[in-house]
Structures are given as C-alpha cells and as structure tokens.
Amino acid sequence: QVQLVESGGGLVQAGGSLRLSCAASGRTFSSNAMGWFRQAPGKEREFVSAISWDGGNIYYADSVKGRFTISRDNAKNTVYLQMNSLKPEDTAVYYCAADRAHYYSYYLSPDVDEYDYWGQGTQVTVSS
C-alpha cells in the first residue's frame, strides 16, 4: 500500500520558519516528480512547489518564491519543504503528492489532477 505521510506542521509566528517532511512508503518515488500543495479553509487546493526526480528542475508558486525551498532525499524516499519568512496567509493544510505518470522526467505540473498519490496533510498555522 502506497502511503505519503507529512510531518512538521505546527503553529508559528509571522516571520518564523517550519520544515515539512513527506515520507513515502509502499513504493519508491525516486524516479518521479513530487509536489507540495496547500488548502486554506474555504479555498481550493493550490500548488506550492514541485521537484523533478533528481532535483534538477524545481517550480515554485509566485506566492512562495524566495521564501520556500523544496528538496528531496531519494535514499530516504522523502521530500522536504523548508518554509521561511512565513506569513499569516500561508496558513493552510499542506499536502505532498506524487506524480506516477512521468518517469525520469523534468516535467513539473501545478495541476492537482496530474498527481496520483496524496498524503493526509499537515496543518500550518501562522499567527500575526
């Protein structure tokens, strides 16, 4: 059974930092792109960042560019999201996702529908 499990969320003051982790089990995703999305209450799930299988291509939403950094450790089957200079508008449930369809590709999509596996999410709350 494939599972993606996020961790590292919590409550932080504006300007603070958090590091999210997403550990995969049940299969390896070392040859697939991985992404982070978030969903605030009453809003649609939105793209945050994505990383290609080897980290050679990275894509950020404009809203987080320069503040968030995505990385991966294929030996650990884990993807990370370092979030700095957090703002109240970053408050959301953060989900990691895996793209099953593209192998050893540098194609990255911001589209929710292009990701096949999802974690259960981790809450990030930024207080002002």
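Visitor: In which loop is Tyr104 found?
Guide: Keep in mind that this is a predicted model. Phi of Tyr104 is near 50°, a positive value in a residue other than glycine. As for its place in the chain, Tyr104 is found in the loop between S9 and strand S10 (117-118).

Visitor: Is Tyr104 buried or exposed?
Guide: Exposed means over 50% relative accessible area. Tyr104 has 54% relative accessibility, so Tyr104 counts as exposed.

Visitor: What about Ser85: which class does its relative accessibility put it in?
Guide: Ser85 is found in the loop between S8 and S9, and its phi is near 50°, a positive value in a residue other than glycine. Between the buried limit of 20% and the exposed limit of 50% lies the partly exposed class. Because Ser85 has 40% relative accessibility, it counts as partly exposed.

Visitor: How many salt bridges are there?
Guide: Here is some background: side chains of opposite charge can pair when their charged atoms come close. The cut-off used is a side-chain nitrogen of Lys or Arg within 4 Å of a carboxyl oxygen of Asp or Glu. By this rule, the count of salt bridges is four.

Visitor: How far apart are the closest N and O atoms of Arg38 and Glu46?
Guide: Let's look at the two partners. Arg38 has 5% relative accessibility, so it counts as buried, while Glu46 is partly exposed at 36%. They form a salt bridge, and its closest N and O atoms are apart by 2.6 Å.

Visitor: How many residues apart are Asp90 and Arg38?
Guide: The side chains of Asp90 and Arg38 meet in a salt bridge of 2.9 Å, N to O. This pair links distant parts of the chain, with Asp90 in the loop between strand S8 (78-83) and strand S9 (92-103) and Arg38 in strand S4 (residues 32-39); the separation is 52 residues.

Visitor: Why does the pair of Arg67 and Asp90 tie together parts of the chain, and how many residues apart are they in sequence?
Guide: Arg67 forms a salt bridge with Asp90, with the closest N and O atoms 2.7 Å apart. Arg67 lies in the loop between strand S6 (58-60) and S7, and Asp90 lies in the loop between S8 and S9, so the pair ties together parts whose separation in sequence is 23 residues.

Visitor: Which side chain of opposite charge is nearest to Arg72?
Guide: Arg72 lies in strand S7 (residues 68-73). Its side chain reaches the backbone oxygen of Phe29 at 2.7 Å and makes a polar contact with the side chain of Asn74 at 2.8 Å. Arg72 is buried yet has no salt bridge; at 7.2 Å away, the nearest side chain of opposite charge is Asp54.

Visitor: About how much space lies in the largest cavity?
Guide: The count comes to one cavity of 30 Å³ or more. Among the residues lining the largest cavity are Arg72, Phe29 and Asn74, and the lining divides into four nonpolar, three polar and one charged. The space in the largest cavity is about 40 Å³.

Definitions and conventions
Residues numbered from 1 in each chain as written. Predicted model: local features only at pLDDT ≥ 70, side-chain atom pairs only at ≥ 80, totals over all residues. Heavy atoms only, no water. 1 Å grid on protein atoms, 1.4 Å probe; cavity = no way out; pocket = protein on both sides within 12 Å on 5 of 7 lines; lining within 4 Å. Points joined across faces, edges and corners; volume = space filled by probe spheres on them. Nonpolar A, V, L, I, M, F, W, Y, C, P; charged D, E, K, R; others polar. Helix = DSSP H or I, 4+ residues; strand = E, 2+ residues; numbered from the N terminus. Buried < 20%, exposed > 50% of the residue type's maximum accessible area, 1.4 Å probe, protein only. Lys, Arg positive; Asp, Glu negative; His and termini not counted. Polar contact = N/O pair within 3.5 Å; in protein donor to acceptor, adjacent residues only side chain to side chain.
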